[in-house]
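Here's a quick tour of a protein model, going from one residue out to the overall fold. Have the viewer open and follow along.

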Amino acid sequence: MIAASCRADLAKYRDIVLQSRRPIGIHQARVALRRLRAAFSVFRPAVDNPEVRALSAEAKWLAGECGPARDLHVFLAESVTDVPPVVKRVGARLAASHLERARAALGSARYEAFDQRLAAFAAERVPLGVPGELRLDEFGRHVLDSRHGKVVRRGRLFARLSEEQLHQLRIGIKKLRYAATYLSPAFASPAAKPYIEATVRLQGALGALNDRATAARMLADIATASRPSEDTALPLKVLARQAASGEKRRRRKLERAWKEFRKVERFWRA
């Protein structure tokens, strides 16, 4: 069911990417691919086989082809303001190139083959009630205990975590968030919603810090793509300072999100 939903969303937003320049197409296509890969990861103990691994690898490739377009748009539209005209010109050229890269992937025979294989997977019917198999709630407790525990371990000595350690924590909380979202129906607990909301806030706060690294990469890409007649050195320095500002505010927000997450009840153990 999850695979079928992700496939439908991907097809919807793929059409937008192929037919227009609206950024929502790229953004939501990547979300559909991320949700799909997260589902394969969560349920790997139950569905692991070469075909599932191949589908996950193809979803990762597609997301990677759409990534540069998404990252550049977020940087120019959200991470910085008052972008100088010369940077806008260079950014527009880069954006057009990145969009063509995404369109080439989403319009390729490789994508069509992936879509057909994903449709076949989503149409499979697995026999229920096979003796010896775990119930979904038992399976869910095992997965959620494991992922929650990994996040807590990665967050030890939280105030001292390096940038790379925070990046690993962000990956862990993202995996936990998707696992909680997909498995919460097995528990029907009122504690599920506040728990998932806490993971969303923590992931968002960690993502805001990660935007600094993305901004540095975007600034380097724009500098490389500038023509000799386009003097972008000083404007890019201004944007770099702007992107790096607000560090203390982002840290405080992250610390609050972490404390809220540590206090929230684990719904699968309620």
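Where is the place of Glu58? Glu58 sits in helix 4, residues 50-79.

## Ground rules

This is a predicted model, where local features need pLDDT of at least 70, side-chain atom pairs count only at pLDDT 80 or more, and totals for chains, interfaces and linings use all residues. Residues are numbered from 1 along each chain as its sequence is written, and side-chain values use heavy atoms, with hydrogens and water left out.

Glu58 counts as buried, at 16% relative accessibility. The labels work like this: buried is under 20% relative accessible area, exposed is over 50%, and partly exposed is in between, using a 1.4 Å probe on protein chains only.

Setting aside neighbours within four places in sequence, Glu58 is in contact with Arg110 and Phe114; contact means heavy atoms within 4.5 Å. Arg110 is 52 residues from Glu58 in sequence, yet the C-alpha to C-alpha distance is 8.7 Å.

## The fold as a whole

The protein chain has eleven helices and zero strands, so its pattern along the sequence is simply α-α-α-α-α-α-α-α-α-α-α. Helices here are DSSP runs of H or I with at least four residues, strands are runs of E with at least two, and both are numbered from the N terminus.

The C-alpha atoms fill a box of roughly 70 × 50 × 25 Å along the principal axes. Of the 270 residues in the protein chain, 43% are buried. Take the contacts between residues at least 6 apart in sequence: 81% of them join residues at least 24 apart.

## Helix 8 against helix 9

Helix 8 (residues 163-183) and helix 9 (residues 192-225) pack at about 150°, with axes 9 Å apart. The axes are lines fitted to C-alpha atoms, for helices over the stretch in contact, and angles run from 0 to 180 degrees between N-to-C directions. That makes helix 8 roughly antiparallel to helix 9; the cut-offs are under 35 degrees for roughly parallel, over 145 for roughly antiparallel, 65 to 115 for roughly perpendicular, and oblique for the rest.

The crossing of these two helices is left-handed, meaning that the near helix is turned anticlockwise from the far one by less than a right angle (clockwise would be right-handed). Residues making the contact include Leu166, Leu169 and Ile173 of helix 8 and Ile196, Val200 and Leu206 of helix 9. By class, this contact has eleven nonpolar, six polar and five charged residues. Here Ala, Val, Leu, Ile, Met, Phe, Trp, Tyr, Cys and Pro count as nonpolar, Asp, Glu, Lys and Arg as charged, and the others, Gly among them, as polar.

## Helix 7 against helix 11

Helix 7 (residues 136-154) packs on helix 11 (residues 247-263) at an angle of about 140°, and their axes are 12 Å apart. That makes helix 7 oblique to helix 11. Helix 7 passes helix 11 in a left-handed crossing.

On the helix 7 side, His148, Val151 and Val152 meet Trp258, Phe261 and Arg262 of helix 11. The residues of this contact divide into four nonpolar, one polar and one charged.

## Cysteines

How many disulfides are there? The count comes to zero, taking a disulfide as a pair of cysteine sulfur atoms within 2.5 Å. Why? The sulfur of Cys6 is 15 Å from the closest cysteine sulfur, in Cys66, and that is too far for a bond. Cys6 is buried at 2% relative accessible area, and Cys66 is buried at 0%.
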